[in-house]
Amino acid sequence: VQTMPKRPGHPPMASAPSAVGKPGEDPDHEGARFVSKAQPVSISEALDAVPFGRWHALHLARQVIAWAVFAISNDATPYLFPALRRDLHADDAGLAHFASAFPLGCLVGAAASTWLVDSMGRKAVVMVAAPVASFLHLFMLVKWSLSFLLLLRVVQGAAWTVAMNALSIWYVEFLPTRRRGPLMAAVSLGWPIGRGIVILVAGATGDAWRPLLLIGSAGFALLAVSMYQAHESPRFLLSQGSETMARRVLGQMHASSGGRKDGAPERLCLGDVAVDKVGLVLATHDYELVRGLIGTNAQASPLDSRASLALLLGTYRALLIFSIVVYGTLAVATVLIDNWGPGIFQKLMSPGEVGLPHRILMLFNVGDLFGIVLSIVLADRIGRRGSFVIGFFVEGTFLFMMSCSRSWFGPDQAAHAAMAFGFSFSACRCFGWEAASFWTLEAFGTDVRGMAFGISTAMMRLFSVVSLEVSGGLIHDLTPEACLRTFAGILAIGGAVSLFLMPKETANVPMSEGRAAVA
């Protein structure tokens with residue numbers, strides 16, 4: 001046993017026993033009473049040491065449900081159009097304004113989240129935004145004028161985005177390095193589930209709008225209750241200097257995942273006690289040693305908003321620009337497909353039908369679900385760059401092929417070919433969005449992650465609003481083929497940017513923790 005020297009002004013250092021175990025016992029075995037000398041341990045290593053089990057499964061389940069709730073609110077827009085025309089006599093311009101109201105609110109919410117998420121905390125922000133979003137869904141049930149509904153939809157979009165941005169960062173900051181890609185990809189399973197609920201309800205109720213709003217309200221209420229039971233991110237707690245709370249969260253993660261019964265918080269700590277993969281124990285209050293153990297200056301005060309912005313525009317400038325460009329091109333293509341796509345698909349594949357083609361839309365939704373399952377397997381194997389290739393180039397190719405279905409095939413086969421191409425392009429959609437989100441969350445340090453994600457998504461929403469307002473007066477005058485080829489061209493531009501200008505690969509690499517951790 002060696003005793004660490006005492007530093008002036010600090011209590012005596014506790015001893016750090018060497019590796020000891022029963023005769024013939026492997027010291028790396030979970031049952032061995034193994035204690036090692038101190039070595040630098042970062043927050044990423046501490047989270048990697050948590051046994052993969054029940055805690056991670058519940059963490060994923062909560063996020064999948066949340067994504068279904070977000071999808072119900074977001075994807076309900078085109079399914080509200082028939083009711084808005086019927087009940088409020090909305091014309092094409094009114095529908096365009098309604099479609100752009102939600103992303104306009106998202107722009108406001110993304111801008112607000114750049115400060116809120118890093119200052120209030122991830123969990124606290126969700127606990128405020130989710131009940132607000134739930135109430136706004138209920139408030140919209142009253143038969144207001146179209147102009148007042150637009151205002152409510154803007155505020156609803158703001159609350160939606162604040163909650164979503166905070167929850168995205170909160171979720172990823174718990175994940176281990178090795179399984180981070182598949183666990184992040186699996187979250188997207190919730191989106192087609194939520195969209196499927198919207199399609200089924202819209203089809204069963206004749207595109208009535210009030211049932212969709214009721215489901216959205218109930219979903220956000222459920223999300224608020226679920227987050228009340230959750231823990232705050234240990235990465236965020238540590239960045240704020242709350243080492244005791246970070247240790248407590250890590251200990252509860254170990255206990256929930258079937259870790260050793262003696263793996264109490266004091267054995268799985270950051271700051272006063274270091275963590276290792278089996279049972280590393282070093283009781284110390286030495287300030288200089290603590291700084292080395294946690295891989296970051298936990299005792300320093302967190303960056304204020306001005307310092308964070310200066311850091312983003314300086315050290316992280318290239319990363320931020322790339323994130324904005326990728327998100328922007330994705331947003332323009334996706335928001336056009338989500339809002340005008342149902343009508344375009346109807347003209348292309350079932351021009352004689354009245355109302356939206358719910359069966360075809362459900363088929364495409366199943367394609368989206370199929371793609372998400374593939375991405376869970378492929379996310380870390382092909383990396384973020386590979387996902388960008390599928391999400392931009394491959395998806396764009398299938399959209400172009402879909403636009404050529406009536407010229408390539410006869411009248412009897414054209415609709416079936418278009419459905420096949422539509423199913424294939426839907427299976428590619430998640431790859432681009434997941435790569436953009438994963439890369440942005442992984443590339444930036446903890447102190448500026450919330451601001452970087454907020455700025456990127458704010459610019460994304462700005463592009464969405466502009467594209468919807470511009471397209472609203474043009475989309476109905478274009479043929480379905482011209483619309484689909486335009487979408488394919490936008491995706492090709494994003495693919496070129498992501499393929500040739502991507503600053504670094506972030507898959508299978510520990511998330512950045514330092515305030516200037518730019519590789």
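I take a polar contact to be a pair of N or O atoms within 3.5 Å; within protein, one must be able to donate a hydrogen and the other to accept it, and residues adjacent in sequence count only if both atoms are side-chain atoms. The model is predicted, and I note that local features need pLDDT of at least 70, side-chain atom pairs count only at pLDDT 80 or more, and totals for chains, interfaces and linings use all residues. Residues are numbered from 1 along each chain as its sequence is written, and side-chain values use heavy atoms, with hydrogens and water left out.

**Entry on threonine 397.** I looked up the side chain of threonine 397 and found one of its polar atoms 2.8 Å from the backbone oxygen of phenylalanine 393. Threonine 397 belongs to helix α15 (residues 358–403); helices here are DSSP runs (H or I, at least four residues), numbered from the N terminus. Is threonine 397 buried, exposed or partly exposed? Its relative accessibility is 43%, so I record it as partly exposed (buried means under 20% relative accessible area, exposed over 50%, partly exposed in between, with a 1.4 Å probe and protein chains only).

**Entry on helix α18.** Threonine 457 lies in α18 and is buried, at 4% relative accessibility. Its side chain makes a polar contact of 3.0 Å with the side chain of asparagine 165.

**Entry on helix α4.** I find 29 residues in α4 (residues 92–120), with 41 Å from the first C-alpha to the last, close to the 42 Å expected. Where is the kink in α4 centred? It is centred on serine 113 and amounts to about 40°, the bend at a residue being the angle between axes fitted to the seven residues ending there and the seven starting there. At the start of α4, a side-chain oxygen of aspartate 91 comes within 3.3 Å of the backbone nitrogen of alanine 93. Glycine 121 follows α4 and has a positive phi, near 110°.

**Entry on aromatic rings.** I pair rings of Phe, Tyr and Trp (its six-membered ring) if their centres lie within 6.5 Å; planes under 30 degrees apart count as stacked, over 60 as edge-to-face and the rest as tilted. The count by this rule is 20 aromatic pairs. In one of them, phenylalanine 345 and phenylalanine 425 have ring centres 6.3 Å apart and planes at 55°, so I list the pair as tilted. This pair joins distant parts of the chain, 80 residues apart: phenylalanine 345 is in helix α14 (residues 317–349) and phenylalanine 425 in helix α17 (residues 411–443). Phenylalanine 345 is buried at 5% relative accessible area, and phenylalanine 425 is buried at 1%. I also record a cluster in which ring pairs link Trp67, Phe70, Phe102, Trp160, Trp191 and Phe220.

**Entry on cysteines.** I searched for disulfides (cysteine sulfur atoms within 2.5 Å) and the count is zero. For cysteine 430, the nearest cysteine sulfur is that of cysteine 428, 8.0 Å away.

Note on methods: Helix = DSSP H or I, 4+ residues; strand = E, 2+ residues; numbered from the N terminus. Expected span 1.5 Å × (residues − 1).
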